[in-house]
Amino acid sequence: TILKERKRVIINFLIIIQESFMKKLLMLNASMYEIPLIYAAKELGFYVITTGNNSSAPGHKAADEYAPFDYSDYDGMVNLAQKIGIDAISQGCSDNCALVAAYMGEKMGLKGHDTFENAQIIHRKDYFKRFVKDNEIKSPVAECFEDVNQALNYDTQDKYPLIIKPSDQAGGKGVSRVDTRDEYEQAIKKAFGKSNIGHVIIEPFLQGTLHSFCSFIVNEKVAAYSTWNDYSFKNGFLTNSGLCPADDWKEAVSFLIPQVEKIAKKLGLVDGLLHLQYMKCGHEYWIIEMMRRMPGNNSTTAAAYSTGVNWNHWIIKAEAGQSCCGIPSFETMDRYYGYHSIMSDGNGIFEGVSIKEEFKKYIIDIEMYDDKGAEINDYLYQKFGLVQFYLNSKEEKDKYMGEINGLIRCIRSES
């Protein structure tokens, strides 16, 4: 017993010594979507510390340490990071955290993040819309408002359909399509109600299909990329399924790469991920919005299957200010790879997931976020799990993607 206790003490002492020499990475959020990045950071040798107000966030368990703090307090976060002695920051999968990370990096002299000014241009929709207009980037021209009454007095005659968005929200929060004046006024109030900074944008609603272009910038050039078809469920402004590569991806990237590199050069963006959503309208392509944080739904995991690039590792390397010159070039795989977030068709009680037998052979992995019995109180946004899958051909893609919500179905009961 004495020998076992001595062995335990020695092991714990060696662990403490090892951790003292490890570089520390602060992960600014700890949702399910940050967990792949936390694992990637640990695999790269970092001691990972998570933060945020939510002590029950699942990412804390995957990290080495949890330092609770409100990351909306920018200067407080700088003080916390200096006290902890961090070497790197990861913004994870959050637009708000992308701004915090840029602010902290600028204040602390840490590499791996854009200037705070550039982070706002990329992540605030009104700033981005002004930038693309001034620099002739192909994106729908938007009107930006910071006053609700001015927005309500805006002349919308002959401009419908329109789409109205809060400038500082993601995931479709506060977004509306409007076709009439009554709908317009309701949508303006809704968007302002969701905006933390009181800014909204109004732009033409484009008829087409929604896609994503996930690129990795090295020396202001696109060094790797993946393309996606984006699909929605009940919430038309929240992507819950994706398939890589996108339809007509070769045509799309021939347009998108020069546009992305123009933006990267104009802003002097640091190396790292640059993700955008685009609309395909016939043979025209329109950039809708951009972000430098990891996209949601753990889509980088499916992108790794599709492109042969370990996106999560390279995201962490870039955010830590390490060289990214060795990132592998794009590989064309012989399959489609996708993800599907499990969502309900109404509120109630979550009772599990039903997967049709014919589709089970395509599944790579299933990760559940909630247990049976969880309350469904906001079905337009709640996600209960994530399925990673593959399809072998365009014929299988055409057959299954249109009915993916029936193939992988959320079971619910009335509350």
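I sorted the lining of the largest cavity by residue class and got seven nonpolar, five polar and four charged residues. The model I am working from is predicted.

I went back to the search of the whole structure. It gives two cavities of 30 Å³ or more.

I took the largest cavity first. I note about 140 Å³ of space in it. I count 16 lining residues, and the closest to the centre are Gln91, Gly112, His113, Asp114 and Arg292.

Which elements each supply at least two residues of this lining? I find α5 (95–108), α6 (116–123), β12 (272–281) and α12 (311–319). I looked for the largest share, and it comes from α12, with three residues.

Next I turned to the second largest cavity. I note about 90 Å³ of space there. Its lining has 13 residues. I list those closest to the centre as Ile122, His123, Lys125, Glu289 and Met290.

I find at least two lining residues from each of α6, α7 (125–134) and β13 (284–291). Which element gives the largest share of this lining? I get β13, with three residues.

I get five nonpolar, three polar and five charged residues.

One entry on α6 to close. I see α6 supplying at least two residues to the lining of the largest cavity, and at least two to the lining of the second largest cavity.

Terms used. Residues numbered from 1 in each chain as written. Predicted model: local features only at pLDDT ≥ 70, side-chain atom pairs only at ≥ 80, totals over all residues. Heavy atoms only, no water. 1 Å grid on protein atoms, 1.4 Å probe; cavity = no way out; pocket = protein on both sides within 12 Å on 5 of 7 lines; lining within 4 Å. Points joined across faces, edges and corners; volume = space filled by probe spheres on them. Helix = DSSP H or I, 4+ residues; strand = E, 2+ residues; numbered from the N terminus. Nonpolar A, V, L, I, M, F, W, Y, C, P; charged D, E, K, R; others polar.
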